[in-house]
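Q: I'd like a close look at one part of this protein: its aromatic rings. How do they pair up, and what sits around them?

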Amino acid sequence: MTLIEIQEILRDAVRDTARKEFGVELTQIAAETPPKTELGDIAFPVAFEMAKLIKQATGEKSNPREIAEKLKAALESIAQVGRVEVAGPGYLNVFFDRSAFLAANADAEPLPNSSKSADMSSPKVCVEHTSVNPNKSAHIGHVRNSVLGDTFQRILKATGKRVEVQNYIDNTGVQVADVVVGFIFIENKDLAEIKALDAELTAAGKTFDYYCWDLYTKVGVEYQTNEELKEKRAEVLHLIEEGGNPTAELADFVATRNVECILDTMERLSIQYDLLPRESEILHLHFWDRAFEQMKKLGVIHLETEGKQAGCWVMPFEEHSGNDENETDKILVRSNGTVTYTGKDIAYQMWKLGILGLDFNYRHFHKYANGHDVWITSAEANSNEHPAFGGGETIYNVIDSRQSYPQDIVRKGVAAISPERGEKASIHLSYEMVALSPAAAEELGFQLSDEDRKRPFIEMSGRKGLGVKADDLINRLETNALAEVEARHADSSDEVKRNIAHQLAVGALRYFLLKFTRNTVIVFDFKEALSFEGETGCFCQYSAVRANSIFRKLAERNESLEDCRAIIGDGAAVAELFATETGSDIWSMAVLAARLEETVEQASKQNEPAILAKYTFQLAKAFNLFYHNHKILVETDNVKRAVLILVADMARRSLTAALATLGIEVPEKM
RNA sequence: GCUCCCGUAGCUCAGCAGGAUAGAGCGUUCGCCUCCUAAGUGAAAGGCCAGUGGUUCGAAUCCACUCGGGAGCACCA
């Protein structure tokens with residue numbers, strides 16, 4: 001019986017007793033973890049609420065402690081419960097039958113639902129993340145998006161959801177046009193020359209996306225003084241959108257090469273995708289026209305005939321309070337007949353939900369080293385063997401909080417077209433940006449104005465070339481980690497050492513980005529991001545590595561977990577052990593390890609990966625303490641030794657599963 | 001002008017379907033490797049939870065207002 005199951009039984013018992021004994025109907029019953037193990041394993045502060053409800057119903061005042069006493073009797077009759085205490089003004093503190101719990105959970109799967117995620121009958125959800133404009137390399141702000149999205153999809157899978165991961169490619173936008181302008185009009189290169197340049201860069205160990213990063217900045221600077229060049233941008237943008245011309249072909253090469261580079265960067269962080277939907281296909285397959293038809297038919301959009309918006313198709317949007325300058329209605333089709341970004345996004349969101357009535361064509365894009373396939377949309381139907389994409393029950397869009405307003409419009413627009421699915425089918429997983437401290441910006445070599453220097457943080461900007469590039473940071477982390485590994489395991493092979501350094505770098509970066517809750521602005525600090533000590537991914541990995549080394553030693557001695565279970569027998573001696581002070585200490589490790597499933601559920605429900613990150617750290621810290629306090633292998637009391645081993649095993653399996661859900665691997669040694 | 005987010009230890013952050021003594025990490029000071037990995041660990045110091053008022057048996061947590069800081073409100077994407 002898992003912890004979640006026991007909790008449900010307890011809740012039911014509380015609810016039944018409240019109804020039978022007091023005539024009170026409880027809807028939600030809050031269960032909390034007491035601050036200390038001495039105060040029990042689960043606490044219900046429910047008697048206070050009941051006293052209030054009874055007073056409302058009958059007008060009679062009742063004593064919370066007396067209510068708690070009655071509930072106590074009901075809960076104590078449950079098999080999994082050892083005893084119940086009424087504490088303080090009326091807390092109901094439940095203590096499990098510890099030895100029975102250990103026997104039932106010692107070999108339990110820490111995340112029992114995760115296997116269901118591969119089952120085609122499980123509900124499907126889509127998670128869109130990354131979506132970096134394919135005109136330059138990714139920076140640390142993009143990585144926050146990707147790590148958040150990737151971790152969240154892992155959390156959803158751990159709860160048994162079937163997940164499709166999409167990375168939207170805006171390959172026809174102005175950002176791509178700007179780099180194309182740079183190649184054609186500043187560098188005077190044609191497609192063949194760009195391909196040659198790409199080959200040169202690759203041969204020199206450099207990357208195309210880094211080259212574009214600099215070129216993009218250069219174009220931005222040039223625009224400030226060169227009006228002629230700015231006019232070229234509009235021309236280029238138009239040619240790209242139209243397609244079927246040399247400029248569009250050049251742009252496609254540039255965008256695709258950048259996508260490949262960004263996918264490489266993300267793969268270094270264990271981030272993979274299922275599908276890359278592109279804006280070019282949304283245009284060429286006329287997704288918007290279909291959405292437009294539906295919206296007109298349903299009357300959720302109308303043609304404005306007078307006023308400032310005359311000639312535009314607009315969607316009423318009352319919730320947004322406009323002022324004199326900003327209208328309250330949102331324009332979806334401009335007076336010149338072109339569709340706005342928001343309009344396209346509504347059509348795309350409809351496709352994701354499977355209510356557009358159109359589909360993309362697909363072709364295979366790339367096979368990852370682990371065999372996973374990623375597909376890309378295509379205008380031509382040139383592959384008939386592809387998985388079914390889109391049509392998710394719920395859609396999670398990982399997009400930073402600055403886009404809350406447009407996301408809100410998309411959600412409301414889609415809900416207007418499909419009221420039965422409603423707004424709840426579209427979830428904006430918003431997060432605050434990663435910014436630079438003024439000091440960090442200067443460390444990167446940027447000149448700041450006096451005004452900027454006084455600001456709490458400086459926003460990163462791809463246009464200005466201001467940002468910490470993802471690969472640079474990963475490289476620095478790997479270099480630092482390698483030096484540490486070198487110092488500890490000089491005799492290992494280079495390949496082993498590099499692999500460990502890589503795993504540590506990934507752990508450090510992912511944990512660093514996940515420990516902050518979504519609505520906290522991360523003011524990037526090199527020292528903190530590069531740290532391997534304290535509250536870091538490395539700390540958690542180290543804890544797991546130490547745990548594994550215990551079991552490596554055990555295996556060398558030909559001892560197994562089955563032996564431990566045999567030693568425990570009927571559990572009478574275990575119950576005696578858990579009743580002592582040291583036993584209580586051991587118990588608290590076991591019960592914390594058993595809370596992983598509950599924590600993952602909570603992180604999923606609240607759309608907050610940081611909850612899992614914090615738990616993982618807490619678990620690692622608890623294990624370090626456990627490891628420090630109990631010398632497991634040399635323990636002479638047989639029963640205690642067996643219990644220590646079983647609990648250590650629970651902890652390391654929970655820790656490993658928690659880390660895996662965060663996208664962090666456990667190195668073989670550190 | 002309107003909307004949203006943030007304000008908790010010297011610094012960076014958790015805690016916020018109201019509940020037990022407000023927690024971590026970094027930094028500071030003093031300790032711990034004959035023993036399963038010291039990337040570890042013990043202890044100390046450090047708090048009017050921005051302010052005011054309200055709701056409540058009970059508020060860091062909910063409500064209102066005020067003050068600071070940030071983001072957003074396009075026929076841009």
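A: Let's start with the rule: rings of Phe, Tyr and Trp (its six-membered ring) make a pair if their centres lie within 6.5 Å, and planes under 30 degrees apart are called stacked, over 60 edge-to-face, and the rest tilted. What you're looking at is a predicted model, where local features need pLDDT of at least 70, side-chain atom pairs count only at pLDDT 80 or more, totals for chains, interfaces and linings use all residues, and side-chain values use heavy atoms, without hydrogens or water. Residue numbers run from 1 along each chain as its sequence is written, while chains are lettered from A and ligands numbered from 1 in the order written.

Under that pairing rule, you get 24 aromatic pairs. Take Phe 360 and Tyr 362: their ring centres are 6.2 Å apart and their planes meet at 70°, so this pair is edge-to-face. Phe 360 has a relative accessible area of 3%, so it's buried (under 20%, with a 1.4 Å probe and protein chains only; over 50% would be exposed, and in between partly exposed). Tyr 362 counts as buried too, at 0%.

Phe 360 and Tyr 362 belong to one aromatic cluster, along with Tyr 168, Phe 287, Tyr 348, Trp 351, Trp 375 and Phe 389.

A charge sits over a ring if NZ of Lys or CZ of Arg is within 6 Å of the ring centre and within 35 degrees of the ring normal. Arg 83 does this with Phe 95, its charged end 3.8 Å from the ring centre. Over at Phe 551, the charged end of Arg 652 sits over the ring, 3.8 Å from its centre.
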